[in-house]
Amino acid sequence: MGKTPGDIPAQPADHRHRLAEIILDESRRAGLGRGSRLPTERQLAANLGATRTSVRRALTVLEAEGRISREVGRGTFLREEPRPHEPDAGDGASGHAAGPDAGAEQYLGPGGLRPADQGGFAPADVMTTRRLLEPPAMRLVVAWATAADFEEIGRCLAGGERAGSYDEFETWDLALHRSIMAASHSPLLTRLYAVIEEARHGRFWGDLKRRSASRERQRTYQADHAELVAALRARDADRAVEAMRAHLARVASHLFDETA
(Lines give C-alpha, C1' and ligand atoms only; values in the text may rest on other atoms or scores of the structure.)
Protein backbone atom coordinates (compact mmCIF):
# COMPACT_ATOMS: atom_id res chain seq x y z
CA MET A 1 0.00 0.00 0.00
CA GLY A 2 1.52 3.34 -1.00
CA LYS A 3 1.67 6.72 0.58
CA THR A 4 -1.26 9.08 0.66
CA PRO A 5 -1.02 12.89 0.74
CA GLY A 6 -2.38 12.98 4.29
CA ASP A 7 0.54 10.84 5.44
CA ILE A 8 3.18 13.45 4.58
CA PRO A 9 3.82 16.25 7.09
CA ALA A 10 4.04 19.79 5.76
CA GLN A 11 6.83 20.80 8.15
CA PRO A 12 9.87 19.20 9.80
CA ALA A 13 9.58 17.97 13.38
CA ASP A 14 11.82 20.74 14.73
CA HIS A 15 9.32 23.35 13.45
CA ARG A 16 6.46 21.58 15.23
CA HIS A 17 8.45 21.49 18.46
CA ARG A 18 9.40 25.16 18.20
CA LEU A 19 5.77 26.14 17.70
CA ALA A 20 4.80 23.92 20.63
CA GLU A 21 7.26 25.80 22.85
CA ILE A 22 5.88 29.12 21.63
CA ILE A 23 2.35 28.04 22.55
CA LEU A 24 3.50 27.23 26.09
CA ASP A 25 5.46 30.48 26.33
CA GLU A 26 2.44 32.51 25.23
CA SER A 27 0.35 30.63 27.81
CA ARG A 28 2.77 31.78 30.49
CA ARG A 29 2.55 35.35 29.24
CA ALA A 30 -1.25 35.12 29.48
CA GLY A 31 -1.02 33.97 33.10
CA LEU A 32 -2.30 30.45 32.44
CA GLY A 33 -1.27 27.64 34.81
CA ARG A 34 -1.85 23.97 35.39
CA GLY A 35 -5.48 23.05 34.62
CA SER A 36 -6.13 26.19 32.57
CA ARG A 37 -7.88 25.84 29.23
CA LEU A 38 -5.94 26.92 26.16
CA PRO A 39 -7.51 28.98 23.36
CA THR A 40 -9.02 27.06 20.46
CA GLU A 41 -6.91 26.01 17.49
CA ARG A 42 -8.46 28.81 15.46
CA GLN A 43 -7.61 31.37 18.14
CA LEU A 44 -4.06 30.11 18.54
CA ALA A 45 -3.51 30.20 14.79
CA ALA A 46 -4.73 33.79 14.62
CA ASN A 47 -2.70 34.86 17.66
CA LEU A 48 0.53 33.24 16.48
CA GLY A 49 0.24 33.94 12.76
CA ALA A 50 0.38 30.22 11.99
CA THR A 51 -1.90 27.86 10.11
CA ARG A 52 -4.44 25.74 11.97
CA THR A 53 -2.70 22.64 10.64
CA SER A 54 0.62 23.78 12.14
CA VAL A 55 -1.08 24.54 15.46
CA ARG A 56 -2.83 21.16 15.46
CA ARG A 57 0.49 19.39 14.91
CA ALA A 58 2.17 21.41 17.66
CA LEU A 59 -0.64 20.52 20.06
CA THR A 60 -0.17 16.85 19.17
CA VAL A 61 3.48 17.20 20.19
CA LEU A 62 2.47 18.73 23.52
CA GLU A 63 -0.14 16.04 24.11
CA ALA A 64 2.35 13.27 23.32
CA GLU A 65 4.82 14.82 25.74
CA GLY A 66 2.12 14.85 28.44
CA ARG A 67 2.16 18.63 28.77
CA ILE A 68 -1.48 19.16 27.75
CA SER A 69 -4.66 17.08 27.69
CA ARG A 70 -7.29 17.29 24.95
CA GLU A 71 -10.82 16.46 26.06
CA VAL A 72 -13.57 15.99 23.49
CA GLY A 73 -16.31 18.55 23.97
CA ARG A 74 -14.39 20.49 26.62
CA GLY A 75 -11.18 21.77 25.10
CA THR A 76 -7.42 21.62 25.63
CA PHE A 77 -5.95 21.99 29.12
CA LEU A 78 -2.46 22.49 30.52
CA ARG A 79 -1.15 19.54 32.52
CA GLU A 80 1.92 21.40 33.78
CA GLU A 81 3.06 24.93 34.50
CA PRO A 82 4.63 26.53 31.39
CA ARG A 83 8.40 26.87 31.82
CA PRO A 84 9.62 30.41 32.60
CA HIS A 85 10.63 32.42 29.56
CA GLU A 86 14.09 34.01 29.56
CA PRO A 87 14.00 37.09 27.30
CA ASP A 88 16.95 37.89 25.08
CA ALA A 89 17.92 40.68 22.76
CA GLY A 90 15.46 39.45 20.16
CA ASP A 91 12.42 39.98 22.37
CA GLY A 92 10.59 43.26 22.09
CA ALA A 93 8.40 44.94 24.67
CA SER A 94 5.30 43.37 23.25
CA GLY A 95 6.74 39.83 23.09
CA HIS A 96 8.51 37.79 20.49
CA ALA A 97 7.19 37.35 17.00
CA ALA A 98 5.32 34.18 16.23
CA GLY A 99 5.43 32.22 13.02
CA PRO A 100 7.01 29.12 11.53
CA ASP A 101 10.55 30.03 12.64
CA ALA A 102 9.72 31.94 15.80
CA GLY A 103 11.44 30.69 18.90
CA ALA A 104 14.26 29.03 16.96
CA GLU A 105 16.93 30.55 19.18
CA GLN A 106 15.03 29.93 22.43
CA TYR A 107 14.02 26.31 21.93
CA LEU A 108 16.43 23.67 23.15
CA GLY A 109 15.21 20.12 22.81
CA PRO A 110 15.50 17.32 25.36
CA GLY A 111 19.17 16.81 24.54
CA GLY A 112 19.98 20.53 24.80
CA LEU A 113 20.71 20.77 21.07
CA ARG A 114 19.76 23.62 18.82
CA PRO A 115 18.17 22.72 15.47
CA ALA A 116 21.41 23.56 13.64
CA ASP A 117 23.22 20.86 15.62
CA GLN A 118 20.99 18.11 14.27
CA GLY A 119 22.80 17.99 10.94
CA GLY A 120 25.68 16.13 12.60
CA PHE A 121 23.61 12.97 13.14
CA ALA A 122 23.29 10.76 10.08
CA PRO A 123 20.12 8.60 10.08
CA ALA A 124 22.20 5.42 9.78
CA ASP A 125 24.20 6.45 12.85
CA VAL A 126 20.99 7.19 14.76
CA MET A 127 19.50 3.83 13.83
CA THR A 128 22.67 1.88 14.67
CA THR A 129 22.87 3.53 18.07
CA ARG A 130 19.21 2.82 18.76
CA ARG A 131 19.70 -0.86 17.95
CA LEU A 132 22.65 -1.00 20.34
CA LEU A 133 20.94 0.91 23.16
CA GLU A 134 17.21 0.14 23.25
CA PRO A 135 16.91 -3.67 23.23
CA PRO A 136 19.22 -4.28 26.25
CA ALA A 137 17.50 -1.44 28.11
CA MET A 138 14.27 -3.45 28.15
CA ARG A 139 15.68 -5.55 31.00
CA LEU A 140 15.91 -2.43 33.14
CA VAL A 141 12.36 -1.44 32.19
CA VAL A 142 11.07 -4.88 33.15
CA ALA A 143 12.88 -4.63 36.49
CA TRP A 144 12.01 -1.06 37.45
CA ALA A 145 8.86 0.13 35.65
CA THR A 146 6.07 1.26 37.97
CA ALA A 147 2.31 1.34 37.57
CA ALA A 148 2.60 5.04 36.73
CA ASP A 149 5.17 4.23 34.04
CA PHE A 150 2.86 1.67 32.46
CA GLU A 151 0.00 4.17 32.54
CA GLU A 152 2.11 6.66 30.57
CA ILE A 153 3.33 3.95 28.18
CA GLY A 154 -0.28 2.89 27.60
CA ARG A 155 -1.32 6.50 26.96
CA CYS A 156 1.32 6.82 24.24
CA LEU A 157 0.43 3.46 22.72
CA ALA A 158 -3.22 4.54 22.53
CA GLY A 159 -2.17 7.81 20.89
CA GLY A 160 -0.43 5.89 18.12
CA GLU A 161 -3.49 3.70 17.65
CA ARG A 162 -5.76 6.66 16.98
CA ALA A 163 -3.24 8.65 14.89
CA GLY A 164 -4.86 9.63 11.62
CA SER A 165 -1.73 10.65 9.70
CA TYR A 166 1.96 9.92 9.34
CA ASP A 167 2.75 13.13 11.20
CA GLU A 168 0.63 12.22 14.23
CA PHE A 169 1.87 8.63 14.30
CA GLU A 170 5.52 9.71 14.22
CA THR A 171 4.90 12.06 17.14
CA TRP A 172 3.29 9.31 19.22
CA ASP A 173 5.95 6.80 18.12
CA LEU A 174 8.64 9.07 19.50
CA ALA A 175 6.65 9.63 22.71
CA LEU A 176 6.16 5.88 23.22
CA HIS A 177 9.84 5.08 22.90
CA ARG A 178 10.66 8.00 25.20
CA SER A 179 8.22 6.80 27.85
CA ILE A 180 9.60 3.26 27.67
CA MET A 181 13.19 4.42 28.11
CA ALA A 182 12.14 6.70 30.97
CA ALA A 183 10.64 3.65 32.71
CA SER A 184 14.19 2.27 33.08
CA HIS A 185 14.65 4.89 35.85
CA SER A 186 18.26 5.30 34.74
CA PRO A 187 19.11 9.02 34.58
CA LEU A 188 22.13 8.40 32.35
CA LEU A 189 20.23 6.17 29.95
CA THR A 190 17.38 8.70 29.77
CA ARG A 191 19.86 11.49 29.06
CA LEU A 192 21.54 9.47 26.31
CA TYR A 193 18.20 8.69 24.72
CA ALA A 194 17.29 12.38 24.77
CA VAL A 195 20.11 13.01 22.29
CA ILE A 196 18.74 10.28 20.03
CA GLU A 197 15.29 11.80 20.33
CA GLU A 198 16.62 15.20 19.34
CA ALA A 199 18.32 13.66 16.31
CA ARG A 200 14.93 12.30 15.24
CA HIS A 201 13.69 15.89 15.04
CA GLY A 202 16.21 16.65 12.29
CA ARG A 203 15.38 17.15 8.64
CA PHE A 204 17.57 14.27 7.40
CA TRP A 205 15.77 11.74 9.61
CA GLY A 206 12.36 13.18 8.76
CA ASP A 207 12.95 13.13 5.01
CA LEU A 208 14.16 9.52 5.09
CA LYS A 209 11.30 8.38 7.30
CA ARG A 210 8.69 10.10 5.09
CA ARG A 211 10.04 8.37 1.99
CA SER A 212 9.57 4.98 3.65
CA ALA A 213 6.14 5.75 5.16
CA SER A 214 2.91 3.99 4.28
CA ARG A 215 -0.33 3.11 6.04
CA GLU A 216 0.59 -0.56 5.94
CA ARG A 217 3.92 0.06 7.64
CA GLN A 218 2.26 2.30 10.20
CA ARG A 219 -0.06 -0.56 11.15
CA THR A 220 2.89 -2.95 11.33
CA TYR A 221 4.82 -0.61 13.62
CA GLN A 222 1.77 -0.24 15.85
CA ALA A 223 1.48 -4.04 16.09
CA ASP A 224 5.19 -4.16 17.04
CA HIS A 225 4.54 -1.56 19.72
CA ALA A 226 1.59 -3.52 21.12
CA GLU A 227 3.70 -6.70 21.35
CA LEU A 228 6.52 -4.80 23.06
CA VAL A 229 4.23 -3.21 25.62
CA ALA A 230 2.54 -6.55 26.31
CA ALA A 231 5.94 -8.12 26.99
CA LEU A 232 6.91 -5.31 29.34
CA ARG A 233 3.63 -5.53 31.24
CA ALA A 234 4.14 -9.30 31.59
CA ARG A 235 7.62 -8.59 33.03
CA ASP A 236 9.07 -10.94 30.42
CA ALA A 237 12.56 -9.55 29.82
CA ASP A 238 13.60 -11.97 27.05
CA ARG A 239 10.38 -11.38 25.13
CA ALA A 240 10.69 -7.59 25.54
CA VAL A 241 14.31 -7.55 24.35
CA GLU A 242 13.39 -9.60 21.28
CA ALA A 243 10.31 -7.46 20.57
CA MET A 244 12.38 -4.26 20.60
CA ARG A 245 15.17 -5.86 18.57
CA ALA A 246 12.71 -7.09 15.92
CA HIS A 247 10.90 -3.74 15.78
CA LEU A 248 14.08 -1.72 15.25
CA ALA A 249 15.33 -4.21 12.67
CA ARG A 250 12.06 -3.76 10.79
CA VAL A 251 12.34 0.04 10.91
CA ALA A 252 15.95 -0.14 9.67
CA SER A 253 14.96 -2.46 6.83
CA HIS A 254 12.33 0.02 5.69
CA LEU A 255 14.62 3.04 6.03
CA PHE A 256 17.68 1.60 4.36
CA ASP A 257 16.27 -1.32 2.30
CA GLU A 258 18.03 -3.82 4.55
CA THR A 259 17.01 -7.37 5.16
CA ALA A 260 15.31 -7.41 8.58
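Which residues in helix 4 meet which residues in helix 10? The legends below take up this contact and several other views.

The structure is a predicted model, in which local features need pLDDT of at least 70 and side-chain atom pairs count only at pLDDT 80 or more, while totals for chains, interfaces and linings use all residues. Residues are numbered from 1 along each chain as its sequence is written, and side-chain values use heavy atoms, with hydrogens and water left out.

**Figure 1. Overview of the chain.** The chain has ten helices and two strands; helices (H or I, at least four residues) and strands (E, at least two) are DSSP runs, numbered from the N terminus. From the N terminus on, the order of elements is α-α-α-β-β-α-α-α-α-α-α-α. Of the 260 residues in the chain, 51% are buried, a term that means under 20% relative accessible area, with exposed meaning over 50% and partly exposed in between (1.4 Å probe, protein chains only). The accessible surface of the chain comes to about 12,400 Å², and carbon and sulfur atoms account for 53% of this area, computed by the Shrake-Rupley method with a 1.4 Å probe, where for residues only the protein chains shown count as cover. Among contacts (heavy atoms within 4.5 Å) between residues at least 6 apart in sequence, 76% join residues at least 24 apart.

**Figure 2. The packing of helix 4 against helix 10.** Helix 4 (residues 123-144) and helix 10 (residues 237-256) pack at an angle of about 165 degrees, and their axes are 8 Å apart. Axes are lines fitted to C-alpha atoms, for helices over the stretch in contact, and angles run from 0 to 180 degrees between N-to-C directions. The two helices, helix 4 and helix 10, are therefore roughly antiparallel to each other; angles under 35 degrees count as roughly parallel, over 145 as roughly antiparallel, 65 to 115 as roughly perpendicular and the rest as oblique. On the helix 4 side, the residues are P123, A124, M127, R130, R131, E134, P135, M138, R139 and V142. They meet A237, D238, A240, V241, M244, R245, L248, A249, V251, A252, L255 and F256 in helix 10. The residues of this contact of helix 4 with helix 10 comprise 16 nonpolar, no polar and six charged. Here Ala, Val, Leu, Ile, Met, Phe, Trp, Tyr, Cys and Pro count as nonpolar, Asp, Glu, Lys and Arg as charged, and the others, Gly among them, as polar.

**Figure 3. A240 in helix 10.** A240 counts as buried, at 0% relative accessibility. Not counting residues up to four places away in sequence, A240 touches M138, V142, L228, A231 and L232. The C-alpha atoms of A240 and R139 are separated by 7.7 Å, although these residues lie 101 residues apart along the chain.

**Figure 4. The packing of helix 4 against helix 8.** Helix 4 and helix 8 (residues 203-211) pack at an angle of about 85 degrees, with 9 Å between their axes. Helix 4 and helix 8 are therefore roughly perpendicular to each other. P123, V126, M127 and R130 of helix 4 make the contact with F204, W205 and L208 of helix 8. The residues of this contact of helix 4 with helix 8 divide into six nonpolar, no polar and one charged.

**Figure 5. T171 in helix 6 (residues 166-182).** T171 is buried, with a relative accessible area of 8%. Leaving aside neighbours within four places in sequence, T171 is in contact with R16, T60, V61 and A64.
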